[in-house]
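Please examine the structure shown below with attention to its charged side chains.

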Amino acid sequence: MTENPETPPREFLPLNPRAFSLLVVLLDGPAHGYGIKQAVEDRSDGTVTLDPGSLYRMISRLVDDGLIAETEERPDPDDDDPRRRYYTLTALGHSVVEAEARRLEGVLTRARLRLGEGTA
Amino acid sequence: MTGRRVGWGRRIFRILLAMYPPGIRKSYGPEMEEVFRRSLEEARRRGRGAVPRLWLRTLRDTAINAPALWARTWRRARGGGVGVGPVAAAATPATTTRGRGDGMGMDTLWQDIRVASRGFARRPGFTIVALLTLALGIGGTTAIFSLVDTTLLDPLPYPEEERVVVLYNSPEPGAAFVGFSDPFYSAMAEEPAGVLSALAAAAPGRANLGGDDAPERVPILRTSASFFEVAAVPPLLGRTFTDREDRPGADGVVVLSHALWERRYGASPDVLGRTVSVDGRVRQVVGVMPPGFSLLGQEVDLWVPLALDPAAMNGTSAVNNNRFLVGRLAPGVDLRRAEVALTRALETVRASFPDAVAGEHSVVLGSYREWLVGDVRRELLLLLGAVAVVLLIACANLANLFLARAEGRRREFALRAALGARSGRLLRQLLTETVLLGLVGAVVGLGFGMALLELVGPVVPPEVPLPDGGVLDGTVLAFAAGMGIVTGALFGLLPALGAMGTRIGEVLGAGGRGGTRAAGGIARRGLVVAEVGLAAVLLVAAGLLVGTLWKLQAVDPGFAVEDRMVAEMSLSRSGYPTAVETGAFFRPLMERVSGLPGVADAAVGQWIPLEGAVNWGFEVEGSEEGVRVADYNLVGPSYFRTLGIPVVRGRAFEWRDAVEDRPVVVVTESLARSLWPGEDPVGRRINVNIDRRVWREVVGVVGDVRNRSLGSSPGGMLYFPPVELPFSGPRNMSLVIRLAEGADVTVANLQSSVATLDPSVPVSSVRSLGEVVRGSEARRRFLMILLGGFGALALSLAGVGLYGVLSYTLSLRTREIGVRIALGADRASVVGLALRESGLLVGLGLALGLGGAVAVSRVLTSYLYEITALNAWSYGTAALFLIVVAGVATWIPAWRAAGLDPREALQAE
């Protein structure tokens, strides 16, 4: 299994864009399935949709790979529903997001440079 | 309303969830459902098409992710595991070379599924149309099949069900069946040959249940102790009653239904030994039956002993054939032998009462299931046939879709074959595609089926029990899945097989539009002809039933329906022992009710027309004909006026008629005509009490009423004032009210009027007479609504099929049309081209379909009223509908083709 924390973050790159969006949402703290779905869809301005099948196919994969984990930590008890399960980033997940962000930054910088040369 | 619809959505989503691997369902199922539920709520808030879009997305989501998760589960089982990174676009599996053994593995299956679902996702238009077509066909078929399953196939809850029989009394050879009299019952119960191991008599009714709580009116069955031996179902609690308790005076016992025990006694085991009051009589609870127990009658809350009095067996009891008998055959005895032995037992009764018992009474046995299901079997099979026709049309459309797609894929298959793909491998890929489509279609179809059941629920007649879990029953699920696989494989694979046989040279060479296409064209046109024909058959059938209900609506039932309300009430035997006491209750009640605001008139009657009829034996003074039989009713003075039944001669009843010594009767016109043709019936006398001749004088003649059903001709009837007849007293009466125009009356008002006179009398079943009339035609309406629905579905599917074929044929002729337009042809002539083509197909289909309808509609004859199976109006309307839909389906692609720019058209290839 890939739950081994020894797995270097680099092994997971490049990340599936949806997986990346999901992990980015969890940077803000634990969230439940529907919360993740909403945040991902909102932040993509509706260009990404996560229906239950893709959402939980992704969540189950990320849990299996050890990038996220279920957490007992619950946000506001007023706003809570005991049936919900909350997911949080693991240390590995955190470093994978960081690594992917750095990789994307590189990609972006190169693209901008090219575009800048093109228009100049 | 919203909550209910959300509930539906979730149920359908649960079916989709069933497609995911069990591990995923267990860990994430409830959460996925929750996410879906909230998305559905949100979509509903957004409105305007958001909900259908959500469903389409969810279907696609399931079709892609469920197989993917299965594949992951299988890979995991084989010890694999891959990271989150993007899956590189897999090489087309069909062209990968693999070892023989490996090609059969789960891995290949997964690859096939993945390729298939990607293929479907790439062509959403094709996929959605194919899925919807399949789902409509499978959904309708599954819904009707689930009704057939619960009604005709589910085993009845009695041990050795096939030994339970219902006894019919045939008074003359070939006459309509009647029940049995008490002496007949006793004679058969003591029948010496022992062909029955148990025989029971039963009389259904309603009773007031009181004693410890608010009074309640409940359905009861008065029955002999042997009843429970016939059913052979032991009680859940306590015991059933014994033979000794089935006697007058010793019968103070009662057995409760499970439902009543839960509802009224909180399922407490302490209920045994408690006393309750049934119609004012104190009885001890001795037992509780298991849930769902019912024999003779859908719902019974109490069983009490029939307690026949042997001393009361006399001539009058011998002519009143109103007992219902049910028996259990002794082991190894067949129906025929039992009939002979029981008929012989009847002879002793005819010998004992030679004056009273006329005719050659014989016993006919029928299976209990037959009795329970009755004609409904034919109606359900008819509907199953109709929905199978819809499924056939859907399959024809599916085949057409795949034919068109297969031609588009000839190039792909030819290339793959040329590159070395074995045909077995290609075949498996195709099979995976069509079976996958079939299965997803079945799942969506199950959703449709559930929705359909919910939709038709209110019109399903009471004889057809609705399945408890909707369509989610093992047999029905297997049926739907089987249909999905068979239809998908058969109608998807066959066209594709044709395309697979194509050689590479044919496709890549110049002759890209060779013989295969021509053959495909003929097949496709043949399918459209079949679709139009099948749709015509359904439309004619639906038209015939619509016509019948239309005619029935115009039938004059003989009484007024508008602004009439009815309710039921019942007096206890102990509080109202004779007609004197009941009269003293009903008379002031009528005054009170008539005085209520909005009430113009009020009356009591024992029965409401169309809600069951009971007949009564009588003899005519001065006639040699012996005992005759007619339906009867006990009615109060204002009954005829309140129901708008005309008094043609003489007078209606008065209150004093109920108690005075001068017994009277009112007869209907048709009875008067048949008893005293050409004479004045008023003043003639009849006797209804065979043992003690009491002549009743005819004081009035009233108009005929359709008492049994709207479609049957009004038979002769006897009306008595609310008097005490042997075996029948005026205690269970219906209240009939005529409302002032536009007024309404509240149930609370009625109840308080009754309560001021006697608070222990419950008022129940308050409804309009219009509801009663509509309810009497419930089965015809059920057939009409479903056949009409299926007809509409068939019509639209045939329209879609025709549209598809014409668009395709015209697209093949793009170049030709371009040339014609370039040479100066106008739009009209191009449209004419398409019309000729579709006119031929539709004309041929109509000719076949209307011919088929002539043959098939004979099955419907017994459901038709004043309309023949060859009614021109129905055939004409069916043809007109088809021609209009065909016209639209033709005109759209034709107009589009006619608008072609010739330059583009000529460059198209």
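What follows is a guided reading of selected salt bridges in this predicted model.

Over all chains, the structure holds 31 salt bridges. One of them is found in chain A, where A:Arg85 pairs with A:Glu70 and the closest N and O atoms are 3.2 Å apart. This pair links distant parts of the chain: A:Glu70 belongs to strand 2 (68–71), while A:Arg85 sits in the loop between strand 2 and strand 3 (86–89), 15 residues apart. A:Arg85 has a relative accessibility of 21% and therefore counts as partly exposed. A:Glu70 also counts as partly exposed, because its relative accessibility is 43%.

In chain B, B:Arg263 forms a salt bridge with B:Asp301, and here the closest N and O atoms are 3.2 Å apart. B:Arg263 lies in helix 8 (residues 258–265) and B:Asp301 in the loop between strand 7 (281–288) and strand 8 (302–305), so the bridge ties together parts that are 38 residues apart in sequence. Are these two partners buried or exposed? B:Arg263 counts as partly exposed at 45% relative accessibility, whereas B:Asp301, at 9%, counts as buried.

A further salt bridge in chain B joins the side chains of B:Glu621 and B:Arg685, at 2.9 Å from N to O. B:Glu621 is in the loop between strand 13 (614–620) and strand 14 (628–634), and B:Arg685 is in strand 17 (residues 685–687), 64 residues apart. B:Glu621 is partly exposed, with a relative accessible area of 32%, and B:Arg685 is partly exposed at 30%. Salt bridges can also share partners: B:Arg651, B:Glu654, B:Arg656 and B:Asp657 are joined in this way into one network.

Conventions
Residues numbered from 1 in each chain as written. Chains lettered and ligands numbered in written order. Predicted model: local features only at pLDDT ≥ 70, side-chain atom pairs only at ≥ 80, totals over all residues. Heavy atoms only, no water. Salt bridge = Lys/Arg side-chain N within 4 Å of Asp/Glu carboxyl O. Helix = DSSP H or I, 4+ residues; strand = E, 2+ residues; numbered from the N terminus. Buried < 20%, exposed > 50% of the residue type's maximum accessible area, 1.4 Å probe, protein only.
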